[in-house]
Amino acid sequence: MSTISEAEVAARVESLLRKMSLEEKVGQLTQIAGASFMPGPAPEDIIRKGGAGSVLWLNDSKQFNVLQKIAVEESPSKIPLLFALDVIHGYRTIFPVPLAMASSWDPEVPERAQSVAAKEARAAGLHWTFGPMLDIARDARWGRIVEGAGEDPCLGAAMAAAQVRGFQGPYLGAPEHVVACAKHFAGYGFADGGRDYDPVYLPEAQLRNVVFPAFQAAVKAGVGTFMSAYMDLNNVPASGNRWLLHDVLRNEWGFKGFVVSDAMAVGNLIIEGFARDGRDAACRALIAGLNMDMASGTYPQHLAGLVEDGTLKLSDIENAVRPILAIKIRMGLFEQPYIDEAKLEQVVATPEHRQEARLAAQRSMVLLRNEGGLLPLAKSLKKLAVIGPLADSMEATEGSWMVFGHTPAAVTILEGIRSKLPGTNVSYAPGPEIRRDIPSFFEDIMPTEKKPLETPEEAEAAFQTAIATARQADLVVMVLGETADMAGEAASRASLDLPGRQEELLEAVVALGKPVVLVLLNGRPLSIGWAAEHIPAILEAWEPGSEGGNAVADILFGDANPGGKLPVTFPRKASHAPLYYARDLSHLPEDSFQYRSRYWDGPTTPLYPFGFGLSYSTFSITNLKVSSPQIEVGDSLNVTADVTNGGAQVGDEVVQLYIHQRAGSDSRPKRELKGFERITLNPGETKTVTFHLGPAELSYWSTAAGKWVQEAEAFDVWVGADSQATLHAEFTVVR
Ligand code: NOJ
């Protein structure tokens, strides 16, 4: 545990507060940009006056020390700065994107990944990361689905707690770790139309049953900070929402850390038609419970005046400052404000870290199809063609949300395959390039060098070269999907099709009559209906990180056995969004004989269901038992099932438990995930998996009752390998 007691922290906070001026207190509530794209006074000048508590968008160890020296030697109360940055899935060693890590269904994967990320980031001088991103997302059009754990609150909560442990270590302030930030609180993943930043309308039951569990799990895991979301939540912007930031977060959940706004979000309260002006925005955000203003400049401009004219009390400001100072104390910044600039290169991207990234990537990939056991491929293949615009792209392999200023250094899929098969002729052709139709605003802020746009003639030539290259090979690996900037912030899409001419290229290569393996690099579910019918082997590799190419090759050639499962439903088309498994049934339920499809122009069923993924082993799940057919409200029972590996090699199965409450004061989803475990089995081995169902799993927040309830009702339970599991039992809860 932390070496500093709560009482000592509190005493030190009070003694700091006693010597700080009002302006300095407001300074602690102010996060300023260290990036040159932000207009305004130089950070040095602001810091010297005690006008900043934290700096973001800076990733420069030397400059950290320069700014810190000004803070601790020249500012009036000499309070050190917290340096913050988005370290989302790795600092220098890049791990699979969070959606991919959730596909491992193994909380150890993100926990270990984030602890490596923390170690590297801390060595660089960072104290605080803006992660984990905990937004449940059920609409694949929303670009930020890549940053979260997918559609489900149970999986999301497990991944949330794991990431907090990874980032923060055993306690807040542990060496070689950083402060985590649970974001974006709350509901951001439910943007209207999947359009990033658009408003969100969610009933309280949906918020509490679906959106909040991951955030509450982060609080229970001891997360130090929260970030309020950008959007309007039921017409009250998240950054000015006292119910969210105060009543729920602090009063109900007991959160003791601090809340930072998303970038510019305090100023945005005006755009949202909520605050009259900056003064009103600052006042209402502070009263709502928002401690730190990220980069909008609204707090430093208005808070002191609001206290001076009596609108706010000094104690309102001090209450907001306390948890910020407490975290600085816990992080040891007063004792050790500086970093050893020489240490960074010894710590980052070590072979051990790269190995961790490779294992994480292997465990995160999902085998979607393997007709006739085409995979794993023989290493004795003579002529192999690797085709596709992403096959040799370091950016696409490392994926979206790179650390500021990071230079991609991934092993690409092409390189991974080549180094796996030194004796094989591996030819390569990218085919036509792919690009966003409308560039991201990030390109204006952080311009990168881009090749000029391919002309239609060049694209056609690239297409023909790709076909000719494929024609020469015995087998073709197509690497298709999305570029890194096609998912993430401000990267929503109206379609989920393979962008550009990729589908056409895929179909043309298949027409050659060769065996084709499809490797997908993407940050969201894609509508790959044609491929799902015509390509015998499909591997969802997501955006697998620095070691992605090696991990793909490990799986394709049988050195690793895939065991990941989808954390999100794959719809057949974008227009089916939102599509998720935990729906309520209604008129003409899906299993009734009249049921056809909700759409007359195609099936409503998912292309691939939540929880789905194949292995090179074949598993059977049998012998489902419920420890008691009847329990009383408040009691618990166990559910067990036997899992056997009937295949010829060691493999992993993710055993999943779903329940359905048959009746209640509210209608209940047809299925809800309530437990899962990824297990490894030798050939022929059987293990018994045990799940626990108690009040926490059997309660829900009821609209009718206006509170949490556990009801005396009958329940179905299924255990299986995905959300369509059929192995069924039942039990009853009585009073
Ligand atoms: C905006 C994003 O929404 C948020 O996730 C991120 O942490 C901040 N910018 C800071 O970069």
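Colleague: How do helix α19 and helix α20 pack, roughly parallel or roughly antiparallel?
Modeller: Keep in mind that this is a predicted model. Helix α19 (residues 456–471) and helix α20 (residues 502–510) have axes 10 Å apart, at an angle of about 30 degrees. Angles under 35 degrees count as roughly parallel, so α19 and α20 are roughly parallel.

Colleague: Which residues of α20 make that contact with α19?
Modeller: The crossing of α19 and α20 is right-handed. On the α19 side, the contact is made by Phe463, Ala466, Ile467 and Ala470. From α20 come Glu504, Leu505, Ala508 and Val509.

Colleague: And α15 with α22: are they roughly parallel or oblique to each other?
Modeller: The axes of α15 (residues 351–364) and α22 (residues 548–556) come within 8 Å, crossing at roughly 50 degrees. Roughly parallel would need an angle under 35 degrees, and roughly perpendicular 65 to 115. The pair is therefore oblique.

Colleague: Which residues of α22 does α15 touch there?
Modeller: This crossing is right-handed. Helix α15 brings Arg358, Ala361 and Gln362 to the contact. Helix α22 answers with Asn550, Ala551, Asp554 and Ile555.

Colleague: Turning to α9, how wide is the arc that holds its buried residues?
Modeller: Within α9 (residues 242–252), the buried ones are Leu244, Leu245, Val248, Leu249 and Arg250. Seen down the helix axis they line one face, because they fall within an arc of 165 degrees.

Colleague: What do those buried residues of α9 pack against?
Modeller: Two helices are on the list, α8 (204–220) and α11 (278–288). The strands are β5 (181–185), β6 (225–228), β7 (232–233) and β9 (258–260).

Colleague: What about the ends of α9: which residue takes a positive phi just after the helix?
Modeller: At the start, a side-chain oxygen of Asn241 comes to within 3.3 Å of the backbone nitrogen of Trp243. Just after α9, the positive phi is about 75 degrees, and the residue is Gly254.

Colleague: Is Ser617 buried or exposed?
Modeller: Ser617 sits in the loop between α22 and β17 (619–626). Its relative accessible area is 4%, and the cut-off for burial is under 20%. So Ser617 is buried.

Colleague: Which backbone oxygen does the side chain of Ser617 reach?
Modeller: Leaving aside neighbours within four places in sequence, Ser617 is in contact with Asn561, Asn645, Gly647, Gln649, Val650 and Gly651. Its side chain makes a polar contact with the side chain of Asn561 at 3.0 Å. The backbone oxygen reached by the Ser617 side chain, at 3.0 Å, is that of Gln649.

Methods: Residues are numbered from 1 along each chain as its sequence is written. This is a predicted model: local features need pLDDT of at least 70, side-chain atom pairs count only at pLDDT 80 or more; totals for chains, interfaces and linings use all residues. Side-chain values use heavy atoms; hydrogens and water are left out. Buried means under 20% relative accessible area, exposed over 50%, partly exposed in between (1.4 Å probe, protein chains only). Helices (H or I, at least four residues) and strands (E, at least two) are DSSP runs, numbered from the N terminus. The arc is that of the directions from the helix axis to the C-beta atoms. Contact means heavy atoms within 4.5 Å. A polar contact is a pair of N or O atoms within 3.5 Å; within protein, one must be able to donate a hydrogen and the other to accept it, and residues adjacent in sequence count only if both atoms are side-chain atoms. Axes are lines fitted to C-alpha atoms, for helices over the stretch in contact, and angles run from 0 to 180 degrees between N-to-C directions. Angles under 35 degrees count as roughly parallel, over 145 as roughly antiparallel, 65 to 115 as roughly perpendicular and the rest as oblique. A crossing is left-handed if the near helix is turned anticlockwise from the far one by less than a right angle, and right-handed if clockwise.
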